[in-house]
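Keep the structure in view as you read.

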Amino acid sequence: MTTISFPRGFRAHTGNAGVKDTTHDVALLVSDVPCAAAAVFTKSRFVGPSVTLSRRHVADGRLQACVVVSKNANVATGAIGESNAAELAELAARAAGCAPEDVLVASTGVIGRPYPMDRIRAHFAAIDGCEGTDATGVAEAIMTTDTRPKIAVAEAGAARIVGLAKGSGMIEPDMATLIALVVTDAAVDPAGLDRVFRDVVDRTFNSLSIDTDTSTSDTAAVLANGLAGPVAADELAAGLEAVCLDLTRQLALDGEGANKLIVVDVTGAATAEQARRVGKLVVNSPLVKTAVHGADPNWGRVAMAVGKSHDPSIDQDKVTITFGGDEVYPRLPDANTLRALECYMAGDEVHIGIDLALGSCRWAVYGCDLSDGYVRINADYTT
């Protein structure tokens with residue numbers, strides 16, 4: 001993978017603390033100066049202590065560092081888990097040269113196992129500064145069942161935006177079922193950053209689904225250190241959305257056992273929420289996902305999934321369904337079109353269009369096909 005440098009003023013450390021195996025499992029991302037910051041977290045009622053701690057730390061709209069431990073979620077670990085999360089923030093703060101309250105803590109991996117704190121303490125005691133500027137190492141260090149690191153880059157005026165994410169399974173966002181870190185050297189006030197980031201997350205990470213399961217550890221954060229100076233608000237919003245959408249598509253395509261990216265674009269909805277709800281029903285349908293996996297243009301499964309909405313405003317006689325832009329309902333495809341659609345659906349990206357003919361709102365959602373590989377990965381996850 002090509003080297004991708006962080007924006008000016010950001011540096012990082014990655015390494016192996018022996019959390020589970022010999023791959024890198026600790027990442028520390030630091031800004032030279034305090035940052036405006038915003039973050040959104042899981043709404044799960046089985047939330048991890050890393051999330052509760054980080055909610056408090058980002059509440060004032062300021063952060064200077066992020067630390068991630070992968071392969072251990074530190075969830076359902078009781079009082080010891082809370083103590084360990086707080087100690088991890090202190091260890092990271094000491095290495096970063098900032099206050100513990102300015103550190104965002106994130107964890108991902110197996111649920112129900114305490115951190116191996118003796119190894120983590122030893123690892124942080126040996127850190128001699130954070131000098132790395134390549135985002136690839138951080139993207140690799142936060143991976144769990146991911147098959148590849150996920151990085152995206154955009155520009156906003158004189159500023160750069162670099163985002164990285166992990167996520168492959170347990171992805172049905174009730175915020176953003178993943179860990180995503182976005183950093184920029186743009187100058188922006190915390191309130192404005194929070195407002196823009198929440199809207200961006202809604203249209204990207206919150207529009208992603210792999211397997212309908214919501215993680216206990218969802219964390220998506222953005223840090224802006226201001227070293228490039230102010231940029232136009234619309235340019236910053238566009239740059240953040242470009243980065244997060246790119247990461248969303250990468251996450252969907254790297255779903256556990258996945259072979260194909262599915263994009264469901266719902267148009268003609270009465271409201272944006274209606275469009276998103278219908279899109280999620282389609283992209284989450286096991287029958288739709290397996291049809292896509294088998295390159296089967298079975299539009300009836302899409303119609304079934306739309307019907308599951310139980311929305312009385314949806315009239316089946318007005319709905320239009322397309323695969324790759326070719327209409328399959330209500331004008332039924334002939335034999336030649338079906339053969340062409342089989343070839344289309346054998347590709348690595350399948351677009352399903354649904355026009356509800358109710359209004360002018362639209363929403364796109366992102367997901368993946370369902371293969372036997374998903375079963376194998378999750379059947380053997382802790383063993």
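This is a predicted model: local features need pLDDT of at least 70, side-chain atom pairs count only at pLDDT 80 or more; totals for chains, interfaces and linings use all residues.

Q: How are two packed helices described, and what are the values for helix 7 and helix 9?
A: Two packed helices are described by the angle between their axes and the distance between the axes. Helix 7, residues 272-283, packs against helix 9 at about 135°. Their axes are 8 Å apart. That angle makes helix 7 oblique to helix 9. The crossing is right-handed.

Q: Which residues make the contact between helix 7 and helix 9?
A: Helix 7 supplies V278, L281 and V282. Helix 9 supplies V302, A305 and V306. The contact residues divide into 6 nonpolar, no polar and no charged.

Q: Which residues other than glycine have a positive phi here?
A: Most residues other than glycine have a negative phi. N74 has a positive phi of about 50°. N74 sits in the loop between strand 3 and helix 2. A295 has a phi near 55°. A295 is in the loop between helix 8 and helix 9.

Q: Is N74 buried or exposed? And A295?
A: N74 counts as buried because its relative accessibility is 0%, and the cut-off is under 20%. A295 is buried too, at 16%.

Q: Where is there a cis peptide bond?
A: Most peptide bonds are trans. A cis bond joins Y329 and P330, with omega about 5°. P330 lies in the loop between strand 11 and helix 10.

Q: What does the side chain of D311 join?
A: D311 lies in the loop between helix 9 and strand 10. D311 is buried, at 15% relative accessible area. A polar contact of 2.7 Å joins its side chain to that of Q274. Beyond neighbours within four places in sequence, D311 contacts Q274 and R277.

Technical notes
Residues are numbered from 1 along each chain as its sequence is written. Side-chain values use heavy atoms; hydrogens and water are left out. Helices (H or I, at least four residues) and strands (E, at least two) are DSSP runs, numbered from the N terminus. Buried means under 20% relative accessible area, exposed over 50%, partly exposed in between (1.4 Å probe, protein chains only). A polar contact is a pair of N or O atoms within 3.5 Å; within protein, one must be able to donate a hydrogen and the other to accept it, and residues adjacent in sequence count only if both atoms are side-chain atoms. Contact means heavy atoms within 4.5 Å. Axes are lines fitted to C-alpha atoms, for helices over the stretch in contact, and angles run from 0 to 180 degrees between N-to-C directions. Angles under 35 degrees count as roughly parallel, over 145 as roughly antiparallel, 65 to 115 as roughly perpendicular and the rest as oblique. A crossing is left-handed if the near helix is turned anticlockwise from the far one by less than a right angle, and right-handed if clockwise. Ala, Val, Leu, Ile, Met, Phe, Trp, Tyr, Cys and Pro count as nonpolar, Asp, Glu, Lys and Arg as charged, and the others, Gly among them, as polar.
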